[in-house]
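Here are a few exercises to work through with the structure in view. Try each task before you read its solution.

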Amino acid sequence: MKKSTFGPWLAMILGAAYFLIPLIGTLEFSMRMKRGVYSFEAYKVVLGDPRFQESFSYSVMLALVTIAIGVLLVVPTAYWVQLRLPKLRPVVEFVTLLPLVIPAIVIVFGYLRMYNSQSWLPLTDTRRGTDLLLAFGYVTLALPYMYRSVDTGLRAIDVRTLTEAAESLGAGWATILFRVIFPNIRSAILSGAFLTFAIVIGEFTFAALLDRPAFGPYLQLVGANRAYEPAALAIIAFVVTWACMGLIQVFGAARGTGSKS
Amino acid sequence: MSFIDIHGLKKSFGPVTVVHDFHLAVERGEFVSFLGPSGCGKTTILRMIAGFETATAGSIAIDGKQVAHLPPAKRDVGMVFQAYALFPNMTVAQNIAFGLRVAKKSAAEIRTRVGEMLDLIKLPQLGDRYPYQLSGGQQQRVALARAIAVKPQVLLLDEPLSALDAKIRVSLREEIRALQKELGITTIFVTHDQEEALSMSDRIVVLNEGRAEQVGTPFEVYNFPRTRFVASFVGTLNLMTAVVVDATAGRLTLDGRDVATAKPIVGRRAGDEVTVALRPEAVNLGDGTAQSDTLPGIVEDVAFLGAVVRIRIRLDAQTITLDSFNQPSVALPKQGEAVKLSFAREDLLVLDGDA
């Protein structure tokens with residue numbers, strides 16, 4: 001007997017409606033800046049605003065720095081844990097999950113206490129120092145996602161045998177990491193990188209409390225003072241996030257592997 | 001002095017010792033196989049030679065140089081793994097070139113050597129393929145080429161044929177042996193497959209529970225097993241209990257019947273129980289010559305295996321199996337039939353250890 005597909009379809013339609021209706025509403029509202037006609041005026045205003053360009057560029061740059069630091073920190077750590085210290089895996093997993101349970105505001109106040117101008121490492125004394133502190137903070141925030149992506153990638157390859165094969169051919173640790181391990185978990189690193197990018201682009205708490213001109217505080221500022229532009233910005237932020245998710249899918253599916261018998 | 005000299009090697013993981021006081025001398029250009037069941041320590045010894053495991057005690061010297069303290073990358077030892085371990089992000093040519101690039105060889109030298117290796121493994125057209133585009137047999141040949149491209153002093157093969165199907169295993173083992181002979185490279189091969197070890201090796205080390213039970217040529221190990229384990233692990237064997245009557249004359253009783261060996265029984269006295277071994281192919285139906293032992297028995301089972309017929313005969317308390325070539329013109333005995341079987345005295349082996 002053929003099973004009815006009504007239930008699953010209803011659930012899917014309800015779920016889609018729950019997510020899409022607010023988005024469609026926001027999109028529709030963002031296009032009503034000119035009275036009586038739909039237009040992209042709000043987008044034109046937002047994209048033409050020098051503060052948008054500055055804050056977006058700043059956040060993009062910070063996201064790239066965060067990704068670089070995160071990859072250099074997480075990949076060797078996850079690799080070493082998998083290869084030499086597998087018993088430590090639960091501990092490392094627990095540590096990487098902490099940013100999910102400790103609120104961002106607690107973390108940033110901790111940073112301010114540790115690295116203020118009276119501390120032994122006064123990072124907040126200079127703009128560059130504060131930027132660096134913000135990047136470190138973002139590395140912490142993105143740690144659960146970056147670590148899991150990389151760890152999943154490492155589990156998908158035979159790390160031990162590949163390492164031993166490279167060692168037996170005379171390779172040192174740097175060669176093994178950069179020429180064997182990194183290329184083989186490229187899609188996992190990219191997944192972590194895009195997730196990090198999406199987090200950094202929309203982050204507000206760290207940037208606002210460290211007083212840096214990032215995209216998150218700009219979003220909040222525009223949202224508090226304008227009518228149509230915040231809706232346009234929300235759609236732009238969604239598009240950026242979706243683009244990141246789409247790229248994860250593209251790179252995740254790019255490498256087909258398997259063996260002929 | 002031997003090319004590879006392993007002395008008093010021991011490996012423990014916590015309280016468990018997996019390799020006990022292992023000694024071995026391998027000559028330059030020799031092909032030695034470590035044969036034994038899973039968990040006997042053969043791969044652990046190989047990994048200690050490669051440098052992937054640290055020995056708890058003992059020494060390993062290659063060409064007179066102690067290597068036990070050196071990291072794997074400094075040992076000049078090539079290794080081929082059961083799981084191929086080709087780098088998935090590199091093409092076949094790049095895989096073969098990996099070790100040469102690490103050694104900072106010139107681009108021209110690398111190109112020439114990669115070409116030579118591809119010709120050697122008979123895959124000259126596949127340099128641009130990725131590992132996932134190759135069959136298992138092709139991947140293992142590439143792994144072999146990658147290991148020997150850097151001209152290592154020693155080649156270590158860790159069950160390289162285990163993941164392949166039966167037909168490819170046979171052809172690849174012949175290829176590996178031919179390559180090894182052509183290059184003259186000292187090779188240690190780990191396997192649990194006695195046929196592989198017997199067909200490929202100059203010498204076999206039979207391992208059991210972390211100890212070398214016997215070291216010898218395939219002929220010696222197969223025909224003159226020293227222990228009950230070697231006898232039972234290498235080939236099919238009849239293992240029976242006999243009682244020594246006269247050790248000097250090599251006389252025993254087997255199920256109450258007198259039999260004799262060709263040699264005196266060393267280290268045993270009259271009345272001792274011993275284990276005797278007899279290959280199925282060494283037993284014949286019917287009376288033997290004056291230099292043979294002959295025993296009566298009842299046919300319990302006749303199994304037709306194609307080229308060979310396996311016949312199980314009950315003596316009294318013990319049974320004996322014999323293999324006979326299938327000859328359509330010769331009638332086979334029937335189940336329950338009384339028969340006589342015979343074997344040459346040289347073929348009856350008294351094994352070391354208690355019965």
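**Exercise 1. Charges over rings**

Task: Find which ring Lys263(B) lies over, and which ring has the charged end of Arg279(B) over it.

Solution: Keep in mind that this is a predicted model. Start with Lys263(B), which lies over the face of Phe224(B), 6.0 Å from the ring centre. Then turn to Arg279(B): its charged end sits over the ring of Tyr222(B), at 3.8 Å from the centre of that ring.

**Exercise 2. A pair of rings in a helix**

Task: Decide whether the rings of Phe229(B) and Phe233(B) are stacked, tilted or edge-to-face.

Solution: Over all chains, the count comes to 22 aromatic pairs. In the pair of Phe229(B) and Phe233(B), the ring centres are 5.4 Å apart, and the planes meet at 15°. Planes under 30 degrees apart count as stacked, so this pair is stacked.

**Exercise 3. Positive phi angles**

Task: Locate Asp63(B) and Asp255(B), then say whether each is buried, partly exposed or exposed.

Solution: Begin with the backbone. Most residues other than glycine have a negative phi. Asp63(B), although not a glycine, has a positive phi of about 55°, and for Asp255(B) the phi is also positive, at about 55°.

Now the locations. Asp63(B) is in the loop between strand 4 (57-62) and strand 5 (65-66) of chain B. Asp255(B) belongs to the loop between strand 12 (251-254) and strand 13 (257-260) of chain B.

Last comes accessibility. Buried means under 20% relative accessible area. Asp255(B) has 19%, so Asp255(B) counts as buried. Asp63(B) has 42% and therefore counts as partly exposed.

**Exercise 4. A nonpolar patch**

Task: Which helices of chain A each supply at least two residues of the nonpolar patch?

Solution: List some members of this surface patch, among them Leu97(A), Ile105(A), Tyr145(A) and Leu209(A). Together, the patch residues have about 780 Å² of accessible area. The helices we want are helix 4 (89-101) and helix 5 (104-115). Leu209(A) sits in helix 10 (residues 205-209) of chain A. With 35% relative accessibility, Leu209(A) counts as partly exposed.

Terms used: Residues numbered from 1 in each chain as written. Chains lettered and ligands numbered in written order. Predicted model: local features only at pLDDT ≥ 70, side-chain atom pairs only at ≥ 80, totals over all residues. Heavy atoms only, no water. Patch = residues over 30% accessible without salt bridge, like charges linked within 9 Å, V, L, I, M, F, W, Y side chains within 5 Å. Areas by Shrake-Rupley, 256 points an atom, 1.4 Å probe, with all protein chains shown as cover. Salt bridge = Lys/Arg side-chain N within 4 Å of Asp/Glu carboxyl O. Helix = DSSP H or I, 4+ residues; strand = E, 2+ residues; numbered from the N terminus. Buried < 20%, exposed > 50% of the residue type's maximum accessible area, 1.4 Å probe, protein only. Phe/Tyr/Trp six-rings, centres within 6.5 Å; stacked < 30°, edge-to-face > 60°. Lys NZ or Arg CZ within 6 Å of the ring centre and 35° of its normal.
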